[in-house]
Amino acid sequence: ENDKLIWNRFLAGDNEAFSEVYQKYVQSLFLYGLQFTSDRELVKDSIHDLFVKLYNGRNNISEIKNVKIYLFVLLKNILIDEFRKNSKIATTDNLQPLENKTASAEDEFLDREEAFLAQQKVKDLMSVLTLRQRKAIFYRFIEGMDIKDICELMDMNYQSVVNLIQRALTKIRNSSLLYLLI
C-alpha cells in the first residue's frame, strides 16, 4: 500500500517520491537485469533508460497494481529491445551479488570467499533446473514475489507456475541429498 502512495505522489509530480521509487528498486532491478545478461554496464544503462522514460512519461502512465512488477516488466522490455539491436544472447548463468565497498580488505576477502562457496553450491543445485524453473525460483524466493506476480511476469497460468516451482524444489531436494552423500 505504501508503494501505491509513493507511486501516486510520483505521478502527481513529486520528485522526492520519484527518488524514493528509484532508491527502493534500483538494486532489485539490477539483480533482475543480470538474469538476462552478464553485461553489468548494459543493465545499469537500461535501468537509467527505464527511469528516464518513466520520469518523462509519468503523465501518460495509468494506475498500476504492483510497482515492482511494473518496473521489472519495463526493464525486461528495454533489455529485450537492446538484445534485438545488438543481437546479444541473454543468459541467467552469471548472476553476481553486489559487492560491499565499505568493508575492510580482510573482511571483504572472507566475505567473497564465503559468498563464492555458497554461490557455487547454489549454482550446482540450480544447474539441475530448466531455465524456466530457475527463473520461477528466483522470482519466488530471491525477489519474494507472490505466485500471481510470477504468472504475470512469466506469462503463465497460476497452476502452471505452482507446478513449475514444486518440480524445481523437488529436483533441488533430490540433488541436495545426492550432494550431501558425495
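Helices, at least four residues long, and strands, at least two, are taken here as DSSP runs and numbered from the N terminus. By that count, Arg40 belongs to helix H3, which spans residues 40-56. The model is a predicted one. Its protein chain comprises eight helices and zero strands, and the structure holds one cavity of 30 Å³ or more.

**Overall chain**

- Read from the N terminus, the elements of the protein chain follow the order α-α-α-α-α-α-α-α.
- The protein chain has 182 residues, of which 37% count as buried.
- Where contacts in the protein chain link residues at least 6 apart in sequence, 66% of them join residues at least 24 apart.
- About 11,600 Å² of accessible surface is computed for the protein chain, and carbon and sulfur atoms account for 53% of that area.

**Helix H3 and Arg40**

- Helix H3 contains 17 residues and extends 24 Å from its first C-alpha to its last, which is close to the 24 Å expected at 1.5 Å a residue.
- The buried residues of H3 are Leu42, Val43, Ser46, Ile47, Leu50, Phe51 and Leu54.
- Cover for the buried residues of H3 comes from elements that include H1, H2 and helix H4 (67-86).
- Arg40 has a relative accessible area of 30% and is therefore classed as partly exposed, because that class lies between the limits of under 20% for buried and over 50% for exposed.
- A separation of 8.2 Å is found between the C-alpha atoms of Arg40 and Phe30, two residues that stand 10 apart along the chain.

**The cavity**

- The largest cavity has a volume of about 30 Å³.
- Its lining is formed by Asp3, Ile6, Glu20, Val21, Lys24, Tyr25 and Val67.
- Two elements, helix H1 (2-11) and helix H2 (15-33), each give two or more residues to the lining of the largest cavity.
- H2 makes the greatest contribution to this lining, supplying four residues.
- By residue class, the lining of the largest cavity divides into four nonpolar residues, three charged residues and no polar ones.

Terms used:
Residues numbered from 1 in each chain as written. Predicted model: local features only at pLDDT ≥ 70, side-chain atom pairs only at ≥ 80, totals over all residues. Heavy atoms only, no water. 1 Å grid on protein atoms, 1.4 Å probe; cavity = no way out; pocket = protein on both sides within 12 Å on 5 of 7 lines; lining within 4 Å. Points joined across faces, edges and corners; volume = space filled by probe spheres on them. Nonpolar A, V, L, I, M, F, W, Y, C, P; charged D, E, K, R; others polar. Buried < 20%, exposed > 50% of the residue type's maximum accessible area, 1.4 Å probe, protein only. Contact = heavy atoms within 4.5 Å. Areas by Shrake-Rupley, 256 points an atom, 1.4 Å probe, with all protein chains shown as cover. Expected span 1.5 Å × (residues − 1).
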